[in-house]
Amino acid sequence: MSDTQTLIENRPPSVAALFLERVAATPDAEAYRHPVPPASGQGPDDWRSLSWGQAAERVYAIAAGLIELGIQPEQRVALASSTRVEWILADLGIMCAGGATTTVYPQTNADESAFILSDSESRVLIAEDAAQLAKAVEKRAELPALTKVVVIDPAGVESGDWVLTLAELEERGTAYLEQHPQLIKERVGAITKDQLATLIYTSGTTGRPKGVRLPHDNWAYMAKAIAGTGLISAEDVQYLWLPLAHVFGKVLTSGQIEVGHVTAVDGRVDKIIENLPVVQPTYMAAVPRIFEKVYNGVAAKAREGGGAKYRIFQWAAEVAREYAKASQDNFRRTGTASVPFGLATRHKVADTLVYGKLREAFGGRLRACVSGASALAPEIGYFFAGAGIHILEGYGLTETSAASFVNPGEAYRTGTVGKPLPGTEVRIADDGEILLRGPGIMEGYHQQPEKTAEVLESDGWFHTGDIGELSPDGYLRITDRKKDLIKTSGGKYVAPAEVEGQFKAVCPYVSNILVHGADRNYCTALIALDELAILDWAKENGLEGKPYAEIVAAPQTVEMVDGYVRELNAGLQKWQTIKKFRLLPRDLDVEHGEITPSLKLKRPVVEREYKHLIDEMYAGTREA
């Protein structure tokens, strides 16, 4: 038996137990860094640290405070907050109390928040601030099970019978621990592997979200399996900004506890560019939209610098892609990432001119990024790989505790999601659907046995709903969502995500694109442009000072995008090509429910919202 198998098979029943082990092993080592904005509101943030021992003091106080409030094993405590260090401390506190965390995105509106709190029967809500509290207050009459709200940021909040601040909860917990010093050890020791740890509601594209039940064993397995990949070590510094209400962000906290490295936590997406040189992470996880934005930003900036600068960028981008493809192909064949001498020479020049500056913008120490939640366009992946920013694509779902596949370090292959995590089994069904089995699979959907039976077979195989291909040596390539595959009226299948990804690699101004064509005789696209990039472009094209909606409606903007659509079409099969497109009057966003908080496109919502534009593109055509 390998060391990794031993590690996984001998895992404790919960991450709460792993946390106690970590604190005992390295109490004085740095665990978390978090920003504290200056009191004046001006100037850079002050980053502060918590050791594992200091984090434990707060975690145990939160746990004891919840127990004192009456939380029993498996009872739900909801957590509605953006990504911040208190989210992690509260989640660990809930688990150490034996409770289960119901995660709620802070962007969720009052109605859907109330549904989640009610469906999960959450007893306590830990809310980030006055705005999150207000949603609960508005719906209080619909939430008889909710006995207390604990507020992290007390500004503008009055505590009372129903509302406590987090500081007050911790004070009560500390006092309770003085009377019951063995309380946490006893609660954690009583947790069984099948006990519910987390309830995550999937942001469904239609209807109410489903609560995914993830027991403690899922997270303990993930912690050991991630460590077993060898991708992270105790010397790493992780920059964590992903939404922790999403399973991708949440799983990163489990791996960190097992390995014991530092995590810098700040969920403010608008601070990423500012934070990277300060944090200087060695690894971070992100969703493809972030890499697309960085790539488009760099391309747009080069274009603004004039024709010569843009030509240098385009040349360097092609060299990066060629270098990445050659080095990955050679590594696959020989185990070394060498490239031909001429290519290596060109790459060195491009590194001086372009790539070095890009790596500095990421903090200068980045060893690897992990990308997940949706597909990264291979051309963008190859660009970053050639520039020395290695993006290891991974794959998983809420129902599989996020991390089912990840690319293996040096042997990563752009365009694939790598190999299964140790202990996870995979097979491809006759229709191409990916099936998974292993300790990361959910228990089922909360109070929905019929929905559970639709995706989870009695022998443990989970139907992902994704279509994929396995290479002979075990690398998985996702081709599309089963339900998203387009079949044209001519009988041809189109994978929209593949076409959309290629367009994002071609056009530096795109933010979101939706390809449509099911049961139609040709494909069309709805395209939303990146506001910052297009405003910069507008300055150079006679549209300075115009609002976004006017810019995207201008003939010169449509003509510019049309050029990129033609460039895209040149590399597609005839039935995949985009015959017509429309530019949207605004970008898609979470607030309008058009993309999920993890930045995935909600196709039915967008198609419903812009049905008039889709109909317009097919008007006057005879459907076969």
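Strand E25 (residues 523–529) pairs with E26 in the parallel sense over five bridges, where strands are DSSP E runs of at least two residues and helices are H or I runs of at least four, both numbered from the N terminus, and where two strands pair if DSSP finds at least two bridges between them. The structure is a predicted model, in which local features need pLDDT of at least 70 and side-chain atom pairs count only at pLDDT 80 or more, whereas totals for chains, interfaces and linings use all residues. Residues are numbered from 1 along each chain as its sequence is written, and side-chain values use heavy atoms, with hydrogens and water left out.

The loop between E26 and helix H21 (603–609) contains Glu594. With a relative accessibility of 1%, Glu594 counts as buried, the classes being buried under 20% relative accessible area, exposed over 50% and partly exposed in between (1.4 Å probe, protein chains only). Beyond its neighbours within four places in sequence, Glu594 is in contact (heavy atoms within 4.5 Å) with residues including Arg586, Asp587, Lys600, Lys602, Glu609 and Tyr610.

A further open sheet comprises nine strands in the order E2-E1-E11-E10-E12-E13-E14-E15-E16, with mixed pairing. Its edge strands, strand E2 (46–51) and strand E16 (419–420), each pair on one side only. Helix H3 packs on this sheet, touching strand E1 (30–36) and E2, and its direction makes about 80 degrees with that of E2. Strand E12 (residues 283–286) and strand E13 (residues 368–371) pair in the parallel sense over four bridges, with Tyr283 opposite Ala368 in E13.

Parallel pairing over four bridges also joins strand E5 (residues 124–127) to E6, and Ala127 stands opposite Val151 in E6. From strand E6 (residues 148–151), Lys148 and Val150 point one way and Val149 and Val151 the other, all of them buried.

In helix H8 (residues 183–190), the buried residues are Leu183, Ile184, Arg187 and Val188. Viewed down the axis of H8, these residues fall within an arc of 120 degrees, so they line one face of the helix; the arc is that of the directions from the helix axis to the C-beta atoms. The cover over the buried residues includes helix H2 (15–25), helix H3 (52–68), helix H4 (85–96) and helix H7 (166–179).

Across the whole structure, 15 aromatic pairs are found, a pair being two rings of Phe, Tyr or Trp (its six-membered ring) with centres within 6.5 Å. Ring pairs link Phe291, Tyr295, Tyr310, Phe313, Phe362, Phe383 and Phe384 into a cluster. The charged end of Lys250 sits over the ring of Trp219 at 4.9 Å from its centre, the criterion being NZ of Lys or CZ of Arg within 6 Å of the ring centre and within 35 degrees of the ring normal. Arg427 lies over the face of Trp461, 4.7 Å from the ring centre.

Terms used: Phe/Tyr/Trp six-rings, centres within 6.5 Å; stacked < 30°, edge-to-face > 60°. Axes fitted to C-alpha atoms, helices over the stretch in contact; angles between N-to-C directions.
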